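My notes follow in the order in which I looked.

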2 protein chains.
Amino acid sequence: MTQRYKFTIEYDGTDYAGWQRQEGDLLTVQGEIEKAIEKFSGQQVTLQAAGRTDAGVHAKAQVAHGDFEDFTKPMDPFEVAKAINAHLRPQKISIIGAAPVGDEFHARFAAKNKLYTYRILVRPAFPALEQGLVWHIKKPLDADKMHEAAQVLIGHHDFSSFRDSQCQSKNPMRTLDRLDVRVRDYDQCGGQEILIEAEGQSFLHHMVRNLAGTLALVGEGKWTKEDLKAALEAKDRTKAGPTAPAAGLCLTRIDYPKDA
Amino acid sequence: MTQRYKFTIEYDGTDYAGWQRQEGDLLTVQGEIEKAIEKFSGQQVTLQAAGRTDAGVHAKAQVAHGDFEDFTKPMDPFEVAKAINAHLRPQKISIIGAAPVGDEFHARFAAKNKLYTYRILVRPAFPALEQGLVWHIKKPLDADKMHEAAQVLIGHHDFSSFRDSQCQSKNPMRTLDRLDVRVRDYDQCGGQEILIEAEGQSFLHHMVRNLAGTLALVGEGKWTKEDLKAALEAKDRTKAGPTAPAAGLCLTRIDYPKDA
């Protein structure tokens, strides 16, 4: 008998070569959690994540599932999370939730909605407190213009222009449900943080970073809303803006149907 | 001729033995900035900070002043900050503001008001993204009770009960203008962040950390508002709660009179 567990996971992606376990000595989030699971349970469990985040990308609530053989004694899901966390220290990875689920649950395929956030710190001085967690841009961006332009991307479209050339998805069609750009006050010294929130059921490889990099062009005044629309319609990666750095990106929330 | 500069400084205090320069090899915020100033200008400038933060304590907007001999060519204050920052990398210290001020300006004595914030992360799982920036408490705290009790401390009092035994101030009297405790939503997994905000013109050594440690006892339900009042009135450090960890504390804002 196996029991499937759903884990909710927070990590600071700075030190990791991404979520996905890799050959060799590369430090990965999946690899470190699977090692911790083996240390606590003796079991080799393969985790399936909702989103395979890239190197340097963070998560407040990544979700992954894995199948465990029966434990020798019954374990509370909270105790399972605690035991894995004990073996994860001092990694910057923390299991913040654990729940037994049915075998039909799949972290990736059952996900109904994902929220990615992208943080831009706008000020002349480099970030000290937020190093590795933001994209640092020195010159002012017009967040209102970015937000207004972003709305042309909402809906069901071919997002080839915002898709990495390495993207393995067969289908470039995605539905973007929400793309909001807003300012959060940062400090008293004229700096500001611009927060981009992107919601949809699924995203193409590098899609949010490519959206962020292109919206920055709008914020700088180099691109208009019409340019953004034309880039989308071109269905050609070379017609959109650059890929924003991984550091600003965070997988912030994943929603599942209530019964999952 | 010398020119006094006022600097606004952000730092992640995790790796530093506090603000104050020390003998030997200890890494300090003041020491690193003074070294960077010397590298860029050749001048040995001694900085005076508004608040000498302890080891592990952070700042979003520490303020310090220092006197420079005339530069060989006139320099924009923004260029001065940029030059210092260039020599500070990869330290987690950033000069976020610089302004020439009159010789009568003093970062510490001219400060009209300081805001310290103290962050508590409440959840079973240890922090991954906020490591070193929060006090991690596993069991729930009642933030409303903490806030209500905190109000007995507002005003002009002898704060000996919340003062470190090493405190060098001659006078234990301080005026606490604001002590608010509120909850910030943290994530979808039941965790929460409790934010304590303490405002006043000046504070005793460890005062905010001792307030936070004692308020946590109220939040846990071990202490009542009346216990907190009795602790204040005892004027005895042994009658108040423990010193909360440095990691949660941040010097967040310092106000000066408009003409300073």
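This is a predicted model: local features need pLDDT of at least 70, side-chain atom pairs count only at pLDDT 80 or more; totals for chains, interfaces and linings use all residues.

**Strand pairing around β3(A)**

Helices and strands here are DSSP runs (H or I, at least four residues, for a helix; E, at least two, for a strand), numbered from the N terminus. Two strands count as paired if DSSP finds at least two bridges between them. Within this pairing I noted Thr8(A), which stands opposite Val63(A) in β3(A).

Residues are numbered from 1 along each chain as its sequence is written, and chains are lettered from A and ligands numbered from 1 in the order in which they are written.

Which other strands pair with β3(A)? I found strand β2 (residues 48–49) of chain A, antiparallel to β3(A) over 2 bridges. Ala49(A) faces Ala64(A) of β3(A) there. I also found strand β10 (residues 249–255) of chain A, which runs parallel to β3(A) and is joined to it by 2 bridges. Ala59(A) has Leu251(A) in β10(A) as its bridge partner.

I then checked burial. Strand β3 (residues 58–69) of chain A is mostly covered, with 9 of its 12 residues buried. A residue is buried if 20 or more other C-beta atoms lie within 10 Å of its own, exposed if 12 or fewer, and partly exposed in between, with C-beta atoms placed from the backbone.

I looked for cis peptide bonds and noted the one from Arg89(A) to Pro90(A), with omega near 0°. Pro90(A) sits in the loop between α2 (77–88) and β4 (93–101) of chain A. In chain B, the bond from Arg89(B) to Pro90(B) is cis, with omega near 0°, and Pro90(B) lies in the loop between α2 (77–88) and β4 (93–101) of that chain.

Lys235(A) has a positive phi, near 50°, although it is not glycine. I placed Lys235(A) in the loop between α5 (225–234) and β10 of chain A. Is Lys235(A) buried, exposed or partly exposed? Lys235(A) counts as partly exposed because it has 16 C-beta neighbours inside 10 Å. For Lys235(B), phi is near 50°, and the residue lies in the loop between α5 (225–234) and β10 (249–255) of chain B.

**Domains of chain A**

I noted domain 1 (2–101) and domain 2 (113–255) in chain A; the bounds come from an automatic or database domain assignment. The domain centres, taken over C-alpha atoms, are 28 Å apart. In contact are 14 residues of domain 1 of chain A and 11 residues of domain 2 of chain A. Contact means C-beta atoms, placed from the backbone, within 7 Å.

**Chain contact and confidence**

How many residues of chain A are in contact with chain B? I read 30 residues of chain A against 30 of chain B. On the chain A side, β1, β3, α2 and β4 each give two or more residues, and β4(A) gives the most, with 5 residues.

Last, the confidence values. The predictor gives the complex an ipTM of 0.89 and a pTM of 0.93. Chain A has a mean pLDDT (the predictor's confidence in each residue, from 0 to 100) of 94, and 97% of its residues reach 70 or more.

Technical notes:
Two residues are in contact if their C-beta atoms, placed from the backbone, lie within 7 Å.
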